[in-house]
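Colleague: Please take a close look at one part of this model for me. I would like the cavity and what surrounds it.

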Amino acid sequence: MAEIPGAPAWARSSALLRIKDSTTLEDLSPEWAWGGSSGAGVRVAILDSGVECDHPALHGTVDHDGGVEIVVEKDGSVREIEGAHEDDFGHGTACAGIVHAIAPQATITSVKVIGQRSGTAACFLRGLAWAAQRDFDVINVSLGTSRRDWALPFYEICDAAYFRGCFVTTAANNVQRTSFPSLYASVTSVACNLSSDPFRFHFNPDPPTEFLARGIDLEVPWRDASMIRSTGNSFAAPHIAGIAALILSKHSGLRPFQLKTVLWATAANVLEAHDAPARMSRAIPLRSLSLRGSAAFNVHASSR
Amino acid sequence: MTTPDPLFDALTRAALESTAGRDAWLLAADEHGYVHVAAASGDEAERMRGTRLSSSAGVEGFVLASGQPIALSGSTQDLRLREGLLATLEQAPDSVLCVACEQDEGPVGVLLVAGKQDGSSFTLEDIEIITVLANVAAVALSQRAGQAHPPGADELAAELTALAAADPSRYTRLAPFIMALVRHG
């Protein structure tokens, strides 16, 4: 049956949609997923307070001129200023540093939405749209807004990014609190786990937070070419962004839902449930509100 | 100088005691780009009651804009821990914890704690406890904001005149209530 040009997918023969060969769930392991990968060829956008491009911990992997600063004009409108800019606080440099430490050859681009001239929900939204329109492979958004009047615009932009193939990682709140865009299925929300291993992350069976990654007491690059110790879900999200960059570098073309599946299959608690079901019965009572609520250690053994 | 509010004071005291911090502040944000100290606990914090400063500076500025709670630690020599409100402290902190007080209409302030008494860093547990307190503070700040700026007599008279012209029946219903409120304070 010949393909009719321009015909919608439902009108085509299913044979034409058949994929020659495909990875199965049994294939998915950390080695398969990112073994030998450096993040080369992957573009990561950091929506934040800017990135200090010449920070020694970033080793020149930041696309200095390719970034954008979203500013609020006096009349309340927002404007894009493309090109180099500073990090007004240090937080964006920290997120970039975490991604770089995991995926050293990924290219990082700063989308500055927080600073002396920005910081509104409108800036976040414009910055996210800017990154999605430029088809960044991974977009890290360690920010959020509680403003419900912005929920729908964020929803639409996140969906658009998802369908374009952008993998958006967001920082979730540690306690139940509204924060957009971390509540949407089209993004991947991340909170802290207790690990000190950047590659040890957990699948959370109790969404909207879907993964838990390192975010406690980290030494991260900060403004003024130096380091600082910090704790926050802000730093868990870029760990998943970095691992996603490694996976995409090795397996280009994965859609966001496929990437989520690879992350699920390679999460520490899923691997452990598969390998040693008995171990999972020894759940350790945790004092942390978020980790108690996440049931992160209660994943049952299942076939992968 | 703002009048001390028992609830706000209780929240900053609770923030100090639950995290073993040295100083704590509740900063209320206004719509003009400023934050002001609504409550304070701790030796150095107390003298900053009523202080007003730009809402885009320091760790409180970042947390207000990003909505993300954050804990930072360094040394007392680290100038990055001495920005915004913390720049006015005599004794520099070596650790800072800041959480946004958020409502559906956006952040209305932040709860800021400086300096662990034992010199350690603030933990994830500290962030969670302060977030719970910040949620209570957010509701209280929103309510106080509504009460803090009652319309003046001239403004009220102008509004009532406009209402009487535009919607006489609504004015007839509202006017007795307003009269009673004015009479009884």
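Modeller: The model is predicted. The structure holds 1 cavity of 30 Å³ or more. One residue of chain A, Phe89(A), is in the lining. From chain B come Val59(B), Leu72(B), Arg80(B), Leu81(B), Glu83(B), Leu86(B) and Val96(B). By class, that lining has 6 nonpolar and 2 charged residues, and no polar ones.

Take Val59(B) next. Apart from neighbours within four places in sequence, Val59(B) is in contact with Phe89(A), Ile70(B), Leu72(B), Leu86(B), Val96(B), Cys98(B) and Leu112(B). Val59(B) also belongs to the largest nonpolar core, which has 104 residues. There, Val59(B), Ile139(A) and Trp25(B) touch the most other members. Helix α5 of chain A, residues 236-250, gives this core its largest share, 10 residues. A second, separate core has 25 residues, among them Leu26(B), Ala28(B), Cys101(B) and Ile127(B). In soluble globular proteins, nonpolar side chains tend to be buried together.

Now the contact between the chains. In chain A, 38 residues are in contact with 35 residues of chain B. The two chains bury about 2,900 Å² between them, with 51% of it on carbon and sulfur atoms. Phe89(A), the cavity-lining residue, returns here.

Most residues other than glycine have a negative phi, and most peptide bonds are trans. Phe180(A) and Pro181(A) are joined by a cis peptide bond, with omega about 10°. Pro181(A) sits in the loop between β6 and β7. Another cis bond runs from Pro207(A) to Pro208(A), with omega near 20°. Pro208(A) lies in the loop between β8 and β9.

Asp217(A) is not a glycine, yet has a positive phi of about 50°. Asp217(A) is in the loop between β9 and β10. Its relative accessibility is 33%, so Asp217(A) counts as partly exposed. Leu218(A) is in strand β10. Leu218(A) has a relative accessible area of 3%, so this residue is buried. Beyond four places in sequence, its contacts include Ile98(A), Phe235(A) and His239(A). Arg229(A) is another contact of Leu218(A). Leu218(A) and Arg229(A) are 11 residues apart in sequence, and their C-alpha atoms are 5.3 Å apart.

Key
Residues are numbered from 1 along each chain as its sequence is written. Chains are lettered from A and ligands numbered from 1 in the order in which they are written. This is a predicted model: local features need pLDDT of at least 70, side-chain atom pairs count only at pLDDT 80 or more; totals for chains, interfaces and linings use all residues. Side-chain values use heavy atoms; hydrogens and water are left out. On a 1 Å grid over the protein atoms alone, a cavity is a set of points where a 1.4 Å probe fits but cannot get out, and a pocket is an open set with protein on both sides within 12 Å along at least five of seven lines; lining residues have an atom within 4 Å of a point. Grid points are joined across faces, edges and corners, and a volume is the space filled by probe spheres set on the points. Ala, Val, Leu, Ile, Met, Phe, Trp, Tyr, Cys and Pro count as nonpolar, Asp, Glu, Lys and Arg as charged, and the others, Gly among them, as polar. A nonpolar core is a set of buried Ala, Val, Leu, Ile, Met, Phe, Trp, Tyr and Cys residues joined through side-chain atoms within 4.5 Å. Buried means under 20% relative accessible area, exposed over 50%, partly exposed in between (1.4 Å probe, protein chains only). Helices (H or I, at least four residues) and strands (E, at least two) are DSSP runs, numbered from the N terminus. Contact means heavy atoms within 4.5 Å. Buried area is the accessible area (1.4 Å probe) that two parts lose on being put together, summed over both.
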